[in-house]
Amino acid sequence: MADRIENLGTERVGQLTGSRDPEGRLLLNLTDSWDVQGVDLGANCEHNGRLYFFFGDVATTDNGEHRWQGWNFYLPNDRQGATAETGQPDWHFCGRCHGLFWLPEATDSAGTVCPIGDEHWFPPGSWGYVLPNDHQGASESTGQPDWRFCGKCHGLFWAGSGASACPAGNPRNADLVAWTDDLEVAPPGPLGHQGAGFDFVLPNDHQGASESTGQPDWRFCGKCHGLFWAPGGNPAGTVCPRGGEHDFPPGSCEFFLPNDHQGANDTTGQPDWRFCENCHGLFWAPGNTVADTVCPVNGAEHMFRPESLRFFLPNKEHGATIGQPDWRFCVQCHGLFWASTSDAGVCPVMRGGGIRLHPVLRATAPEFDPLAGDWPVGLTKSLEAPSGAFSHNGRAHVFVNISPERWSEKQRPGDPLYGTYVISKEDPEQPGPNRVEFLFSPRVGACPRDDGGGIPESHQALGYSFVLPHDIHDGVERQGHWRQCTQCAALFVGGDGDVGGLCWATGGAHRASGLDYALPLAPGTDGDQAKWQRCGQCDSLFWTGDATGNRGRCRGGGGHRPVGPELALPHRTDVDNPNRVSKWRYCAKCAGLFWTGDYLVRAEDNVCPSDHAPHEPAGLDFALDHDIAQEAHHQQNNWSHCRQCAGIFWDSDGSGQAGICAKGGAHQVGSATATPSPWAYNFVLRHDTPGDARHQADWRFCGKCTGLFWAGHPSGGVCPADRSGHQAGAGPAAPGFEFVLFHVGPGEDGHNEGGWRFCNRCFELVWTGNADRLSGVSPVVVRTADHGFLPSSGAESTLVMPAFGFSPNTAFRLACMPLRPDAGPAVGETLYYTGRDDTGTAKWSPDDRVAADLFTHDGYTSLSASWQPGPGRWLLLYSNAHDGREDAFEHTAVARIARTPPEWADVGEVDVFDPSQAYGKYMHKPGLDNIDQRVPPSVPDGHKGWAYGLHLLDRYTRWSEARRELDIYYLLSLSTPYQVQLMHTKLRITEG
C-alpha cells in the first residue's frame with residue numbers, strides 16, 4: 001500500500017543570488033561583486049566538509065559583451081570603393097563575436113582566435129575595412145558606422161546590433177561554482193528602520209496645526225512606527241509591514257502635511273514626498289522615481305498618481321521648530337518613520353533568509369572562475385549546465401552537458417561527441433579546469449581509454465560525420481557485406497554471417513545486426529574521404545591516412561593492419577555558421593522542402609500534401625541561412641517554417657501566415673518560446689546565382705501555396721492548394737526567382753544512414769547515433785548493502801543515478817555504478833534499470849539501449865534525487881513546467897516519494913511549489929507586476945516565469961519521527977527573475 005504524502009506548506013526562505021530581491025528583502029549574498037548579475041539551477045554535493053554548488057548559466061554584469069567608449073568609426077570598405085592604396089586591406093567582420101580581424105587574401109580563418117571559441121568566422125561576401133572616424137570628419141557616406149573601440153579588451157567591434165563577445169572577463173552564460181560551510185539555514189525575519197538624513201518636524205493637532213496648513217488624517221502607526229493616511233481616523237485599506245492594517249495609539253497626534261495643493265514649496269521643507277496608492281504610507285520619490293522604494297504590499301515599489309499631492313516636509317536643517325521632531329527617512333524602504341526611541345519599528349524591507357555563499361574566483365581578477373573541463377568539455381556555456389554532483393575517492397565529480405554551437409554558443413575543436421560528461425577536481429575551491437573522466441551519455445560502443453586497456457569506455461569520435469549507403473544497387477562500384485557491431489559500434493566485414501573479427505566490448509567476435517552497408521571504392525567523389533581499409537586482424541574498418549603512420553589500436557594487438565581495397569566514404573560538411581540551420585530536406589512525394597529536425601516539432605506536424613502522411617526525405621541535406629541582412633538581387637527574406645506541416649513558406653508581409661498548408665488553412669509561423677527553433681527564425685534564401693558542388697539550383701516559389709519546391713522533377717510535385725503540380729511564381733510568363741540552396745552533403749533516408757564517425761583512439765569507423773537516454777543525472781551515493789533493489793557488485797558503495805533523458809522520448813530512467821575504494825568511477829561498469837520481473841525484483845543490464853522508462857514526462861525538466869534515511873524513502877523532485885509551450889509555464893513543481901527508485905513509477909505526484917502562489921509576489925507574470933524590469937537582469941520580452949531547477953540540499957533536511965514530518969530545503973529557479981531561490985517545504989509521510 002502506498003504512503004500518504006501531504007504538503008503542509010511551502011515558503012520562500014530567500015533569494016541566494018543577484019543584487020535585488022523581488023519582495024525587497026535584504027540579500028545575504030550580493031553576487032554582482034563576483035560579476036554574477038543573475039544565474040539559475042544549482043547542482044550540489046558535500047565534499048571535504050563543505051557544500052559545493054555548481055550553478056547554471058550566468059548573466060554577467062555586462063553580459064559578456066564589449067563595452068564601447070570613444071569615437072564612432074566609419075570604415076571604408078571594398079563595397080564603397082576602398083582599395084589597398086587607401087589603407088591596409090583584408091580586415092573582416094566576425095559574424096560570431098562581432099569583432100574585426102585580419103585575414104590576408106581572405107582564404108581561410110586558420111590561425112585566428114575568436115573569444116567565443118575556435119576561429120573567427122566571416123560571412124561570405126562580407127566587407128573589408130580601413131579606419132577613419134567621426135572625430136576626423138567621417139560620415140556614413142565614407143564608410144560603415146558603429147565600429148567602436150572596446151575599453152575592456154582594446155579590440156575593435158561592431159556595435160550596430162546584436163550581442164558581441166569580449167575576450168576580457170567572463171563570457172555570458174558560463175557557469176558559477178560556489179560553496180558554503182553554513183550548517184543551518186538563516187530564516188527570514190523583520191528588520192527595524194534605518195534612519196538617515198534630515199530630522200523632520202511634522203505639524204500636528206497637538207501643536208496648533210490644522211487643515212488650513214496641510215492635508216489632515218496622517219497618523220503614526222504604533223506597530224511599525226511609520227506614517228500612514230487614515231481619512232476620518234479609519235485605517236481600512238492600509239497595509240502594515242508587521243502584518244494586517246496600520247494602527248495608531250488612542251490620543252496620538254493627527255499630522256497635517258504641507259503640500260503643493262496648499263501652497264507649500266521648497267522653502268517649506270524637503271519636496272517629493274508621496275502617498276502610496278497601495279499601502280497608504282508616505283515615501284520619498286525624488287524626481288518622481290520610485291526606484292529602490294519598498295512597499296509592504298508584496299515588497300514591490302510604491303505607487304503614486306502623478307497628479308496627487310506632492311508633500312514638503314519641514315525639518316530642523318531648514319529651520320523648522322514647531323511640530324513633532326525625530327521623524328526620519330529610512331534608507332532601506334525610503335519611507336518615513338519615528339525614531340524618538342530605541343525601537344526602530346518594522347521596515348517593509350525584511351532580512352532575507354538563506355545561506356552565505358563563497359564564490360570560486362579567478363586567480364587574477366575578483367570575478368567568478370567559470371566551470372570548465374579539459375578537452376573536449378572546455379568552458380561550459382549556454383544550456384550546458386551541470387545536472388548533478390557527488391564526492392568519491394577524494395574528488396568532487398560533476399555531470400555536465402556539452403552541446404553543438406547552435407545551443408551552446410561555443411565551438412569545440414574537432415566537433416567531438418556531444419552529451420553528458422563526468423568531470424572532477426580534488427579541490428573545487430581552486431580555479432582552473434576539471435579533469436574529464438568520461439562520456440556518460442550517450443554510450444557510443446566500447447573502446448580502450450589508452451594502450452593499457454582496462455574497462456572500455458565510449459569511443460572518442462572526431463571530424464567528419466559520414467553517411468553510409470546501404471541496401472543499394474545504383475551501378476557505383478562498391479564493396480558490400482559491411483555490418484555494424486551491436487556491442488562495440490564499429491563497422492566490420494560480416495561476410496555471409498552475423499559474427500566475425502574481434503570486438504573491443506567483449507574480446508570475442510563482432511556481432512552484427514541491421515543493415516548491409518555497401519561502401520564506394522576509392523577514389524570516390526569530391527564529397528568522399530578515401531584511405532579507409534579493412535583490418536586483417538579484427539575485420540574492422542579503419543582509417544589509414546594518418547601522416548605519422550599511426551594505425552590506431554587493434555583488438556588483435558598493436559595497430560591495425562590494412563588489407564583489401566581502399567574505400568572512400570561520403571560525409572557531411574560542418575555547419576559552422578550560427579546563422580544557418582541544416583536538416584532541411586527534399587520530399588520525394590511532393591517535391592517540397594521540409595525540416596527534419598526534432599526540436600519542438602511533433603510527428604503530427606509533419607504532413608505531406610500528397611497523402612497527408614509524413615514527408616519522405618531524399619537526397620541532400622540543405623542548410624538555410626536565417627536572420628542575416630538581405631542583399632538586393634541575391635537574397636530574399638521572410639521565409640518561415642510552418643508549424644503545421646514542417647514545410648517552408650514565404651511570409652511576404654510578416655503577418656505569420658500565408659498561402660495554403662497541407663494540414664488545412666494557411667501556413668502558420670509557430671510562436672516558439674524557447675530557441676533554437678526554426679519557428680523563431682527569419683530565413684533568407686539565395687537566388688539567381690549559379691549552382692555548384694555545394695549549391696543546388698532549380699528551387700522555386702509556388703504561387704499557389706507560397707511554399708518552396710524543386711522544379712528539377714518533371715512532375716512538378718504535389719501542391720496542397722489543388723493537389724496538382726506546383727506552379728513557379730505567377731506562371732510560365734513570370735516564374736519568379738530561381739533559388740539556390742546550400743547543402744552540407746548527403747542526407748539520411750531509406751538508403752543512407754548518418755551518425756558514423758572516426759574514433760580518435762582506435763581509428764575505427766563507429767556509429768554514434770545511439771540515443772542520449774540519460775541527459776541529466778542526479779547522482780546519489782549509498783551503501784550497497786542497505787538497498788536490496790541494487791545489483792550485487794562486490795563494492796561497498798554504489799552510485800545510484802536517477803536521470804532524465806531526451807531520447808528516444810522524454811522520460812525518467814535509472815542507472816547505477818559500483819564505486820570502488822582507491823579508484824575513480826568507471827562508465828564501463830554502469831548498469832541500466834530495465835524493469836521488474838514477476839516477483840517485483842529489479843532487473844539490470846549493461847546495455848543502455850534496453851533501459852526502461854520509469855515514467856514519461858512532457859518536455860524538459862531538471863531533477864534532484866535523495867535517499868532519506870529517516871523515513872527510509874527515496875525522494876525525487878522535478879518540475880512539470882517548461883518553456884516549450886505557452887500553456888506549460890504555469891505547471892507545478894512536484895515530488896515523488898517511494899521505498900525504492902523503481903517504485904517512483906507506482907506513486908503519484910505531490911505538488912511542492914505552485915506558481916499561482918508566487919506570481920505577482922516574487923515571480924513575474926505579465927500584468928501583475930514589473931519584476932521582469934525591476935529585478936536585474938531585466939528580461940526584454942517580459943515573458944512569464946516558470947519553475948524549474950529544483951535541487952535538494954540534504955545538509956539542511958530534517959526528519960521528525962514523532963510527527964512523521966520531513967522538512968526539505970531546495971533551490972528553485974523561476975526564469976523571471978533569473979535568480980536562484982531557497983525554498984522550504986514540510987511534508988508529512990503517513991506510512992502505507
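**Salt bridges and strands**

Me: How many salt bridges does the count come to?
Reply: The count comes to 49 salt bridges. A salt bridge here is a side-chain nitrogen of Lys or Arg within 4 Å of a carboxyl oxygen of Asp or Glu.

Me: What should I know about the model itself?
Reply: The model is predicted: local features need pLDDT of at least 70, side-chain atom pairs count only at pLDDT 80 or more, and totals for chains, interfaces and linings use all residues. Residues are numbered from 1 along each chain as its sequence is written, and side-chain values use heavy atoms, with hydrogens and water left out.

Me: Which residue forms a salt bridge with Arg761?
Reply: Glu457 does, at 3.7 Å from N to O. Arg761 lies in the loop between β47 (752-759) and β48 (765-767), and Glu457 in the loop between β27 (435-441) and β28 (461-469), so the pair ties together parts that are 304 residues apart in sequence. Strands are DSSP runs of E with at least two residues, numbered from the N terminus.

Me: Are Arg761 and Glu457 buried or exposed?
Reply: Both Arg761 and Glu457 are buried. Buried means under 20% relative accessible area, exposed means over 50%, and partly exposed is in between (1.4 Å probe, protein chains only).

Me: Which residues do shared partners join into one network?
Reply: Salt bridges that share partners join Arg4, Glu6, Arg963, Glu965, Asp967, Lys986 and Arg988 into one network. Within it, Glu6 bridges to Arg4, with the closest N and O atoms 3.6 Å apart. Arg4 counts as exposed because its relative accessibility is 53%.

Me: New topic. How many residues of strand β25 are buried?
Reply: Strand β25 (residues 395-402) has 8 of its 8 residues buried. Both faces are covered. Arg395, His397, Phe399 and Asn401 are on one side, and Ala396, Val398, Val400 and Ile402 are on the other.

Me: How many bridges join β24 to β25?
Reply: There are 6 bridges between β24 (residues 386-392) and β25, and the two run antiparallel. Strands pair if DSSP finds at least two bridges between them. Pro386 has Val400 as its bridge partner in β25. The hairpin of β24 and β25 has 2 residues between the strands, and Asn393 takes a positive phi near 55° there.

Me: And how many bridges join β25 to β26?
Reply: 7 bridges join β25 to β26 (residues 419-425), and these also run antiparallel. Val400 stands opposite Tyr421 in β26.

Me: In what order do the strands of the open sheet come?
Reply: The order is β2-β3-β9-β21, making 4 strands with antiparallel pairing. The edge strands are β2 (43-47) and β21 (358-359), and each pairs on one side only. β2 is joined to β3 (residues 50-57) by 5 bridges. Glu46 stands opposite Leu51 in β3.

Me: How many disulfides does the structure hold?
Reply: It holds 0 disulfides (pairs of cysteine sulfur atoms within 2.5 Å). Cys485 is in no disulfide, and its nearest cysteine sulfur, that of Cys488, is 3.7 Å away. Cys485 counts as buried because its relative accessibility is 1%. Cys488 is buried too, with a relative accessible area of 0%.

Me: Where is Ser973 found?
Reply: Ser973 is found in strand β62 (residues 965-973). Ser973 counts as buried because its relative accessibility is 0%. Its contacts (heavy atoms within 4.5 Å) include Asp40, Leu41 and Trp946, not counting residues up to four places away in sequence. The backbone nitrogen of Leu41 lies 2.8 Å from a polar atom of the Ser973 side chain.

Me: Last one. Where is Ala291 found?
Reply: Ala291 is in the loop between β16 (282-284) and β17 (311-313). Ala291 counts as partly exposed because its relative accessibility is 37%. Leaving out residues up to four places away in sequence, Ala291 touches Glu301 and His334. Ala291 and His334 are 43 residues apart in sequence and 9.6 Å apart in space, C-alpha to C-alpha.

Conventions
Polar contact = N/O pair within 3.5 Å; in protein donor to acceptor, adjacent residues only side chain to side chain.
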